[in-house]
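Please look through the structure below before reading on. The numbered points cover its core and its salt bridges.

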Amino acid sequence: MQVITRIEEKIGNLVGYKLDFVNPKEIEWNDVQAYNPNKDTQDIIRVISRYFHTIDKSTNEYNFHFSKKYGRVTAWIFTKLITFGDLIIVVEISKPQLLDELCELYNIKDKSGKKLLLTFTINVASN
């Protein structure tokens, strides 16, 4: 179980980092503009709202630290607080560049959705 947790954490860190990377500095993870404009805006808003609920319930020390110190939760913290299933949803609704950036990290050429996520996970696990 520890190995799975470490894999989830590493993937979350990479997604958080790349989510910031593919967006201009002024656009944060909780902005609808941070996600794929071809996805339904109401769906994106529902997902973001659900994540705020998760964050509000969180008792993690770093959540309180960053919220108190900076007045916000960064993408890096956000991806640590959500479940792995929710992290997959973030990848699915994100701009296509996010998936491209993640694939490039591990030289993955096949960008066909779920197969990619499995390949990406295996590559992360092996490092």
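1. The largest nonpolar core has 31 residues, and Val15, Leu19, Trp29, Tyr35, Phe78 and Val90 touch the most other members. Such a core is a set of buried Ala, Val, Leu, Ile, Met, Phe, Trp, Tyr and Cys residues joined through side-chain atoms within 4.5 Å. Two or more residues each come from helix H1 (2–21), helix H2 (41–57), helix H4 (75–81), helix H5 (84–93) and helix H6 (96–105). Helices here are DSSP runs (H or I, at least four residues), numbered from the N terminus.

2. This is a predicted model: local features need pLDDT of at least 70, side-chain atom pairs count only at pLDDT 80 or more, and totals for chains, interfaces and linings use all residues. Residues are numbered from 1 along each chain as its sequence is written, and side-chain values use heavy atoms, with hydrogens and water left out.

3. Val15 touches Thr79, Leu87, Val90, Val91, Leu98 and Leu102 (heavy atoms within 4.5 Å). Residues up to four places away in sequence are not counted.

4. The structure holds four salt bridges (a side-chain nitrogen of Lys or Arg within 4 Å of a carboxyl oxygen of Asp or Glu). One of them joins Lys80 and Glu9, with the closest N and O atoms 3.4 Å apart. Lys80 is in helix H4 and Glu9 in helix H1, 71 residues apart.

5. Lys18 pairs with Glu101 in a salt bridge, the closest N and O atoms being 3.1 Å apart. Lys18 lies in helix H1 and Glu101 in helix H6, so the pair ties together parts 83 residues apart in sequence. Lys18 is buried at 7% relative accessibility; Glu101 is buried at 19%. Buried means under 20% relative accessible area (1.4 Å probe, protein chains only).

Key. Buried < 20%, exposed > 50% of the residue type's maximum accessible area, 1.4 Å probe, protein only.
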